[in-house]
Amino acid sequence: MQIIDSHAHFGFRPESSDRSADHYSSLTIPVEQLFQAADEAGVYKIIQVVPTVMGYDNDYSIGVAALYPDRLRMFARFDPTLPDVCGRLRA
């Protein structure tokens with residue numbers, strides 16, 4: 001049996017963040033630390049949900065997912081208020 005974590009977070013705290021560091025500590029762990037915890041828990045694959053702290057910038061998560069294609073997928077954040085929603089979703 002393979003266990004999949006379907007809602008995990010990793011990332012980093014943006015320099016521009018005005019929220020307390022404590023709020024971000026559990027959301028901004030390095031991906032290596034997430035994999036270590038997953039291994040210890042018997043989790044085989046991970047779907048990363050880009051944390052709110054990352055805003056709508058998915059580049060970091062896309063890059064990490066590309067490094068670990070057999071282990072990690074991601075659920076991107078998307079700003080629905082920008083123009084051409086359908087075109088951007090297709091892209």
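This is a predicted model: local features need pLDDT of at least 70, side-chain atom pairs count only at pLDDT 80 or more; totals for chains, interfaces and linings use all residues.

Visitor: What is the strand order of the open sheet, and which pairing does it have?

Guide: The open sheet consists of 3 strands in the order 1-2-3, and the pairing is parallel. Strand 1 (3-8) and strand 3 (72-75) are the edge strands, each of which pairs on one side only. On average, neighbouring strands of this sheet are turned by 20 degrees against each other, direction ignored.

Visitor: How many bridges join strand 1 to strand 2, and how many join strand 2 to strand 3?

Guide: Strand 1 and strand 2 pair over 4 bridges in the parallel sense. Ala8, for example, has Gln48 of strand 2 as its bridge partner. Strand 2 and strand 3 also run parallel and are joined by 4 bridges. There, Ile47 has Arg73 of strand 3 as its bridge partner.

Visitor: Which strands does helix 2 lie across, and which does helix 3 touch?

Guide: Helix 2 (residues 31-41) lies across strand 1, strand 2 and strand 3, and runs at about 140 degrees to strand 2. Helix 3 (residues 59-67) packs on the sheet, where it touches strand 2 and strand 3. The direction of helix 3 makes about 160 degrees with that of strand 3.

Visitor: Let us turn to the surface. Which residues form the nonpolar patch?

Guide: In a regular strand, side chains alternate between the two faces of the sheet. The patch here is formed by Ile4, Ile47 and Phe75, which together have about 290 Å² of accessible area. Ile47 belongs to strand 2 (residues 43-49).

Visitor: Why does Ile47 count as partly exposed?

Guide: The class covers values between 20% and 50% relative accessible area. Ile47 has a relative accessible area of 31%, and is therefore partly exposed.

Visitor: My last topic is the backbone. What is the phi of Asp84, and where does Asp84 lie?

Guide: Most residues other than glycine have a negative phi. Asp84 has a phi near 55 degrees, a positive value in a residue other than glycine. Asp84 is located in the loop between strand 3 and helix 4 (85-90).

Visitor: Is Asp84 buried or exposed?

Guide: Asp84 counts as exposed, because its relative accessibility is 52% and the cut-off is over 50%.

Definitions and conventions. Residues are numbered from 1 along each chain as its sequence is written. Side-chain values use heavy atoms; hydrogens and water are left out. Patches are made of residues with over 30% relative accessible area and no salt bridge: like charges are joined within 9 Å, nonpolar side chains (Val, Leu, Ile, Met, Phe, Trp, Tyr) within 5 Å. Accessible areas come from the Shrake-Rupley method with a 1.4 Å probe; for residues, only the protein chains shown count as cover. A salt bridge is a side-chain nitrogen of Lys or Arg within 4 Å of a carboxyl oxygen of Asp or Glu. Helices (H or I, at least four residues) and strands (E, at least two) are DSSP runs, numbered from the N terminus. Buried means under 20% relative accessible area, exposed over 50%, partly exposed in between (1.4 Å probe, protein chains only). Two strands pair if DSSP finds at least two bridges between them. Axes are lines fitted to C-alpha atoms, for helices over the stretch in contact, and angles run from 0 to 180 degrees between N-to-C directions. Contact means heavy atoms within 4.5 Å.
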